[in-house]
Amino acid sequence: MNKKIVIIGGGASALMLASLLPKNSVTIIESNAKLGAKILVSGGGKCNITNTLMGAEYFLGDEAFINPSLKRFSQQSLLQWLERQRLEPVLRKERQYFCKNSSKELLDIFIKQSKKQKIFFNEKVLDVSKRDDLFYVKTNKQTVTADAVVVASGGLSFPKLGASSIGYDIAEKFGHRVVKTAPGLVGFTVQKDQFFFKELSGLSTDVEIKVGDNLCKGALLFAHKGMSGPAVLDASLYWEKGKIEIDFLPQFSWEKIYKSKKQLSSLLPMPKRLTKAFLLQLNIDDKTGIKITTDEIKLLKTLNSYSFAPAGTFGYAKAEVTKGGVCTDEVDAKSMMSKKVEGLYFTGEVLDVTGRLGGYNFQWAFSSAYSCAKFINKEEK
Ligand SMILES: Cc1cc2nc3c(=O)[nH]c(=O)nc-3n(C[C@H](O)[C@H](O)[C@H](O)COP(=O)(O)OP(=O)(O)OC[C@H]3O[C@@H](n4cnc5c(N)ncnc54)[C@H](O)[C@@H]3O)c2cc1C
């Protein structure tokens, strides 16, 4: 007899799982009116699906838990799977795979695949309980019974796209530990000394950001609320509180300026408006290189290690992911099944696994779903 499986959530992980399980074996319960809301908005509308470089080193979380799934369903396996569905992602930014034109290309594949399963839309899961060997999944409309429940309800980020705490609530109810959550891949708000950043909103410059031992390279984008951009989003994964250090002039060779007759705002490789703002802060005139004093050079070089403490982050409303989540010590790395409750599974972002920017979070959503599907399919045989 086929087991009746309920998947909570109709996002990336749930959709991959439902596509890998036999026809009519699954009921997806999704609180939105549509599937895969995050897929659609991801990667600037083109969905950064995966990355040429893969491994636990690109994630926060337990290496021993993460790597088996990434190996079982690697980025190559994902690309091959997509190819079989006639989707050929394109390589951008050297190592990131995106949909060619729109995220819809990926979502359409999943929507087509999901037609073989039952889906309840606009139903919010409120609670799960277990009596004897049966799960009771209570929604705002009904109670659905199941032999197995897969919690694929994601994290807390982007509540306007359907995020809720249900995955953590269920985990805790069944005796699981939930590692403290926080917004991740998110911009930083600034304190008074950096309020001038807000006036630079819209400007972008390449930087290197140090957070503890971690180095995040890429663009920094000045924003109305503070700062954002790929390097900042990555840095937010490692930041809890305290100072970060930004090199605004990475690889810049200072020798260039000593004999130059150009003004500093033209010499320094940053947008002119940004250089002028820093010169104002440092109390240095926008003079030519040859007129610069040794003391002024010293001051300018502080831009190689500009250190300050962000006020906080832009919060869950703007965070691409949620750090923390269901503790992976209590989940089996092979099957994604709870080590405490037979038949209860967790996949995707709800787990304490968070990828860096670059397609890592979708790869995790898909790889963890694959592990779960492989185990369930084997059990059914
Ligand atoms: C703006 C943005 C851009 C992103 N871009 C990228 C990118 O380019 N590359 C990348 O790798 N990652 C990206 N991410 C992260 C990625 O989208 C997530 O990590 C991934 O979607 C997680 O998959 P999931 O299935 O675990 O959770 P989700 O995709 O979040 O799916 C969870 C689903 O559960 C539903 N749900 C929640 N609570 C309930 C409930 N109580 N009852 C019923 N249903 C419920 C939600 O509505 C949602 O549909 C981005 C995220 C955001 C917000």
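These notebook entries record what I looked up in a predicted model.

**Entry 1: the sheet.** I began with the strand order. The sheet is open and has seven strands, arranged β18-β17-β14-β15-β16-β13-β19 with antiparallel pairing. I then looked for its edges, which are β18 (306-308) and β19 (312-313), each pairing on one side only.

**Entry 2: β14 and β17.** I examined how these two strands pair. Residues 204-211 form β14 and residues 244-247 form β17; three bridges join them in the antiparallel sense.

**Entry 3: helix α7.** I asked which strands helix α7 touches. The helix, residues 230-238, packs on the sheet and touches β13 (188-189), β14, β15 (214-223) and β16 (226-228). I recorded an angle of about 125° between the direction of α7 and that of β15.

**Entry 4: helix α10.** I listed the buried residues of α10, which spans residues 272-282: L274, T275, A277, F278, L279 and L282. I recalled that residues three or four places apart on an α-helix point the same way, because the helix has 3.6 residues a turn. I next traced the packing partners of the buried α10 residues, and found the strands β14, β15 and β18 together with the helices α9 (264-267) and α11 (294-300). Just after α10, I found N283 with a positive phi of about 60°.

**Entry 5: helix α3.** I turned to residues 63-72, which make up α3, and found F65, I66, N67, S69 and L70 buried. At the N-terminal end of this helix I identified D62 as the cap, with one of its side-chain oxygens 3.2 Å from the backbone nitrogen of A64.

Notes: Residues are numbered from 1 along each chain as its sequence is written. This is a predicted model: local features need pLDDT of at least 70, side-chain atom pairs count only at pLDDT 80 or more; totals for chains, interfaces and linings use all residues. Side-chain values use heavy atoms; hydrogens and water are left out. Two strands pair if DSSP finds at least two bridges between them. Helices (H or I, at least four residues) and strands (E, at least two) are DSSP runs, numbered from the N terminus. Contact means heavy atoms within 4.5 Å. Axes are lines fitted to C-alpha atoms, for helices over the stretch in contact, and angles run from 0 to 180 degrees between N-to-C directions. Buried means under 20% relative accessible area, exposed over 50%, partly exposed in between (1.4 Å probe, protein chains only). A polar contact is a pair of N or O atoms within 3.5 Å; within protein, one must be able to donate a hydrogen and the other to accept it, and residues adjacent in sequence count only if both atoms are side-chain atoms.
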